[in-house]
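Trainee: I've never read a structure like this before. Could you walk me through it?

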Amino acid sequence: MEVIDIQNLNHYFGQGTLKKQVLFQINLKITEGEIVILTGPSGSGKTTLLSLIGGLRSVQEGSLQHFEKELRGASEEQLVQTRRQIGYIFQAHNLLPFLTARQNVQMSIELQEHLGGRETEERAALILEKVGLGHRIDYYPDSLSGGQKQRVAIARALAGNPPLVLADEPTAALDSKTGRDVVNLMQRLAKEQRRTIVLVTHDNRILDIADRIVHMEDGRLCGC
Ligand code: ADP
Ligand code: MG
């Protein structure tokens, strides 16, 4: 099944004489279990495209389907439903500083599912163990390294079992070894659990984890 099916998608920022087109005739299909890496220079439109795929912006022109549901013209309620099926990982980990690693992950589970407190705690601990942080469960973000924080962010994104994971420059703030460990982890979890991943990166050193690389330039996808 297609997880994402984009046809003739255009996007604009601004209005009137300041209106500027940033995406041009995007066509892209992504199937279940695929890891797709989106590359391209800064300003080429990668984050804009990812945020449209993530239901974080409204589709203006063209078609964007998620599991065969059209997002163009979707209501806020439908967008919320869509977002529940997606795990997001950003460049900055965006962890809440006043919550421990476990509580950060728990919160994301609580937003998605109605489990008992105990069950939620256990699920959070289990996923933190999976990302190699079993020994840091009760630490606050401030006392974790950059790579550990990003691993908590991955655990948080995966905790609700989303079929689709979107990551925007997840290794940008990490040194190369740590970045490598983080993407290896994402790849392993994706393959184990048949998740689909769309990952935006500048980092040429991690391209090998992709099943497919899509290049973007000046708002257009090339060579695909
Ligand atoms: P990338 O992620 O590839 O660096 P972006 O999607 O962030 O590219 O940006 C694509 C283009 O859209 C750039 O020219 C950028 O300046 C512009 N842009 C991005 N976000 C906004 C916004 N909220 N308002 C106006 N212009 C924007
Ligand atoms: Mg960007």
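Mentor: Helices (H or I, at least four residues) and strands (E, at least two) are DSSP runs, numbered from the N terminus. Here, α3 passes α4 in a right-handed crossing. This is a predicted model, where local features need pLDDT of at least 70, side-chain atom pairs count only at pLDDT 80 or more, and totals for chains, interfaces and linings use all residues. Residues count from 1 along each chain as its sequence is written, chains are lettered from A and ligands numbered from 1 in written order, and side-chain values use heavy atoms, without hydrogens or water.

Trainee: At what angle do α3 and α4 pack?

Mentor: Axes are lines fitted to C-alpha atoms (for helices, over the stretch in contact), and angles run from 0 to 180 degrees between N-to-C directions. For α3 (residues 101–112) and α4 (residues 117–130) the angle is about 120 degrees, with the axes 9 Å apart. The pair is therefore oblique, the class left after roughly parallel (under 35 degrees), roughly antiparallel (over 145) and roughly perpendicular (65 to 115).

Trainee: Which residues make that contact?

Mentor: Contact means heavy atoms within 4.5 Å. From α3 come A101, R102, V105, Q106, I109 and E110, and from α4 come T120, E121, R123, A124, A125, I127 and L128. They divide into 7 nonpolar, 2 polar and 4 charged (nonpolar is Ala, Val, Leu, Ile, Met, Phe, Trp, Tyr, Cys and Pro; charged is Asp, Glu, Lys and Arg; the others, Gly among them, are polar).

Trainee: How do α4 and α5 cross?

Mentor: Their axes come within 9 Å and cross at roughly 130 degrees. That makes α4 oblique to α5. The crossing of α4 past α5 is right-handed. R123, I127 and L128 of α4 meet V152, A155, L158 and A159 of α5. By class, that contact has 6 nonpolar, no polar and 1 charged residues.

Trainee: Now the sheets. What is the strand order in the open sheet of 4 strands?

Mentor: Two strands pair if DSSP finds at least two bridges between them. The order is β2-β1-β4-β5, with antiparallel pairing. β2 (20–31) and β5 (69–70) are the edge strands, each with a single partner, so one side of each has no neighbour in the sheet. β4 (residues 61–66) and β5 pair over 2 bridges, and H66 stands opposite K69 in β5. Packed on this sheet is α1 (residues 46–53), which touches β1 (2–13), β2 and β4 and makes about 125 degrees with the direction of β1.

Trainee: And which strands stand at the edges of the 6-stranded sheet?

Mentor: That open sheet runs β6-β7-β8-β3-β9-β10, with mixed pairing. β6 (86–89) and β10 (220–222) are at the edges with a single partner strand each, so one side of each is left without a neighbour. Its twist averages 20 degrees from one strand to the next. β9 (residues 212–217) and β10 run antiparallel, joined by 3 bridges, and H215 has C222 of β10 as its bridge partner.

Trainee: Which helices lie across its strands?

Mentor: α5 (residues 146–159) lies across β6 and β7 (164–168), at about 165 degrees to β6. α6 (residues 176–193) lies across β3 (35–39), β6, β7 and β8 (196–200), at about 160 degrees to β8.

Conventions: A crossing is left-handed if the near helix is turned anticlockwise from the far one by less than a right angle, and right-handed if clockwise.
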